[in-house]
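Trainee: Could you show me how to read the packing of a helix in a model like this one?

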Number of protein chains: 2
Amino acid sequence: MPNAFEFRLKDAAAEIEAVLAESLEGAHPLMRGTPARLAEAMRHGALAGGKRLRPFLVMETARLFGAAGPGVAGVAAALECVHCYSLVHDDLPAMDDDDLRRGRPTVHKAFDEATAILAGDALLTLSFGLVAGAEAIAPQARLTLIEALSREAGAAGMVGGQALDLAAETEMLGEAEISRMQAMKTGALIAFACEAGPILAGAAEEDRRRLRRFGEIIGLAFQLADDLLDETAEASALGKAAGKDRARGKKTLPALHGHDWTRARLEQLVGEASECLAPYGERAAVLVDAARFIAARQS
Amino acid sequence: MPNAFEFRLKDAAAEIEAVLAESLEGAHPLMRGTPARLAEAMRHGALAGGKRLRPFLVMETARLFGAAGPGVAGVAAALECVHCYSLVHDDLPAMDDDDLRRGRPTVHKAFDEATAILAGDALLTLSFGLVAGAEAIAPQARLTLIEALSREAGAAGMVGGQALDLAAETEMLGEAEISRMQAMKTGALIAFACEAGPILAGAAEEDRRRLRRFGEIIGLAFQLADDLLDETAEASALGKAAGKDRARGKKTLPALHGHDWTRARLEQLVGEASECLAPYGERAAVLVDAARFIAARQS
């Protein structure tokens with residue numbers, strides 16, 4: 001039985017799904033004239049459901065500073081496009097070579113490899129256009145968002161983290177290197193999601209720094225919970241292959257330190273995240289719930 | 001012996017090369033923390049020389065409306081990053097499967113396939129950050145540029161054109177479909193390059209439309225000249241494999257109509273391009289030269 005937080009997360013996911021679907025329709029100004037098969041592959045990659053956690057964080061961190069509405073949802077959907085493109089490319093045969101994603105064939109399985117590369121490219125390209133076109137957001141805030149997104153999603157962030165992750169299949173990484181890789185691969189985009197709210201709401205620099213720090217902490221928790229799930233869950237619960245990290249000889253923190261250590265560390269991270277948001281009191285309760293949810297998630 | 005236009009093009013290429021090199025250095029704010037091998041692959045893909053025609057068009061169409069300087073060069077370099085990412089991805093085994101580019105091994109040959117996918121992703125991601133961060137350009141102009149770049153480089157533009165081009169290997173395209181594919185695959189980015197100048201200079205809507213039209217015409221000429229070269233040139237002159245279109249059974253307009261028709265059509269397009277710019281008189285001479293150069297190029 002879902003709790004109140006999970007209902008709220010589901011509601012937000014439905015809203016994002018609708019905005020994404022509209023952004024990926026042939027009638028959208030950035031999509032008009034897209035070849036049918038490519039558009040279908042983009043939708044396959046982006047409308048496959050999922051928790052939509054990153055856009056939820058954008059919307060809730062924006063709400064904390066009084067911003068809501070179509071501009072916010074547009075930026076949130078753009079970020080989800082970036083996340084989905086990264087999944088499409090990460091699943092490719094030359095990368096993680098995955099056949100299943102959220103219980104469905106990955107894009108290169110449902111279509112073909114070239115189409116999957118192009119659908120990913122197109123989703124990434126679309127995302128920046130969606131932020132630029134979010135007219136309800138102040139121009140300078142949109143530019144700040146685009147520059148930050150470019151940094152966090154790019155060579156020094158998510159893409160760089162994926163490069164390090166691939167290298168980890170052949171090189172033995174130490175604990176510090178694993179942490180660095182994960183902070184880039186998963187952490188950067190989650191941290192951006194949390195920073196996006198104060199940016200688009202025009203909040204103070206101090207608020208932005210605080211939410212960024214909160215995002216970094218829950219990004220760590222997200223990855224730890226993910227690694228733990230990879231070891232403990234069944235493929236059917238994950239909707240993707242389980243136990244892959246160990247099979248590939250990839251070192252993770254749960255593999256290094258054990259499950260008990262991991263659960264204690266997750267508890268600690270939730271405490272730190274909550275402390276970060278203490279200045280906002282009850283108004284930040286949903287974000288603290290989000291941290292708890294991330295640390296305890298079972299899929 | 002290069003003529004005056006070619007000297008000017010070379011000068012601009014050197015300037016762009018310098019801006020690109022700086023943008024791809026570890027010290028650049030958008031690159032700081034990039035894994036060394038990924039950064040190297042990005043530089044391999046983007047600093048391989050080439051005519052730098054698209055950034056040249058950005059700089060010259062900006063100059064026509066009185067804009068020059070680091071902001072303009074930054075936008076021009078960003079566009080070149082988009083062009084270079086598209087080459088890196090187009091060369092991949094799942095796409096055109098090319099081993100050589102400008103006489104050097106392609107990125108997936110010099111590195112590996114996964115690194116080439118990621119280097120392309122990173123170059124594309126970087127490009128939007130470079131435009132957003134071009135502080136010498138008015139905020140609204142930067143947003144307009146980002147939205148237009150997202151449209152022209154994305155699913156409804158360049159990426160969509162590449163999807164159609166791949167489909168053309170198995171489907172027989174008619175002349176109208178070939179033209180549509182080429183207008184998207186090559187034309188969109190060249191048209192954007194010409195439109196970028198008036199946008200970033202804050203020129204009138206009419207100027208923007210006129211330069212856009214000019215860009216569409218020279219984009220057509222560019223592709224026609226390219227197809228003709230593919231049939232007539234030696235691989236050594238191209239720095240890449242020649243005769244590939246015919247070998248793959250791809251229909252091109254020169255293959256359909258013959259070389260004489262193609263040369264006459266190129267002449268006609270140069271005339272139309274020149275007419276487009278007639279309102280600017282002598283000030284647009286360098287752009288008319290560019291049209292002539294594009295139609296007559298031998299490599």
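Trainee: Which helices do the buried residues of H15(A) pack against?

Mentor: In this predicted model, local features need pLDDT of at least 70 and side-chain atom pairs count only at pLDDT 80 or more, while totals for chains, interfaces and linings use all residues. Residues are numbered from 1 along each chain as its sequence is written, chains are lettered from A and ligands numbered from 1 in the order written, and side-chain values use heavy atoms, without hydrogens and water. Helices are DSSP runs of H or I with at least four residues, numbered from the N terminus; buried means under 20% relative accessible area with a 1.4 Å probe, protein chains only, and contact means heavy atoms within 4.5 Å. The buried residues of H15(A), among them A:Leu287 and A:Phe293, pack against H1 (4–23), H3 (53–64), H10 and H14 (259–276) of chain A.

Trainee: At what angle do the axes of H10(A) and H15(A) cross?

Mentor: Two packed helices are described by the angle between their axes and the distance between the axes. Here the axes, lines fitted to C-alpha atoms over the stretch in contact, with angles from 0 to 180 degrees between N-to-C directions, come within 8 Å and cross at roughly 20 degrees. That makes H10(A) roughly parallel to H15(A), a term for angles under 35 degrees.

Trainee: Is H3(A) largely enclosed or exposed?

Mentor: H3(A) is largely enclosed by the rest of the structure, because 11 of its 12 residues are buried, including A:Arg54 and A:Glu60. Its cover includes H1, H4 (70–90), H9 (175–201), H10 and H15 of chain A.

Key: Helices (H or I, at least four residues) and strands (E, at least two) are DSSP runs, numbered from the N terminus. Angles under 35 degrees count as roughly parallel, over 145 as roughly antiparallel, 65 to 115 as roughly perpendicular and the rest as oblique. Buried means under 20% relative accessible area, exposed over 50%, partly exposed in between (1.4 Å probe, protein chains only).
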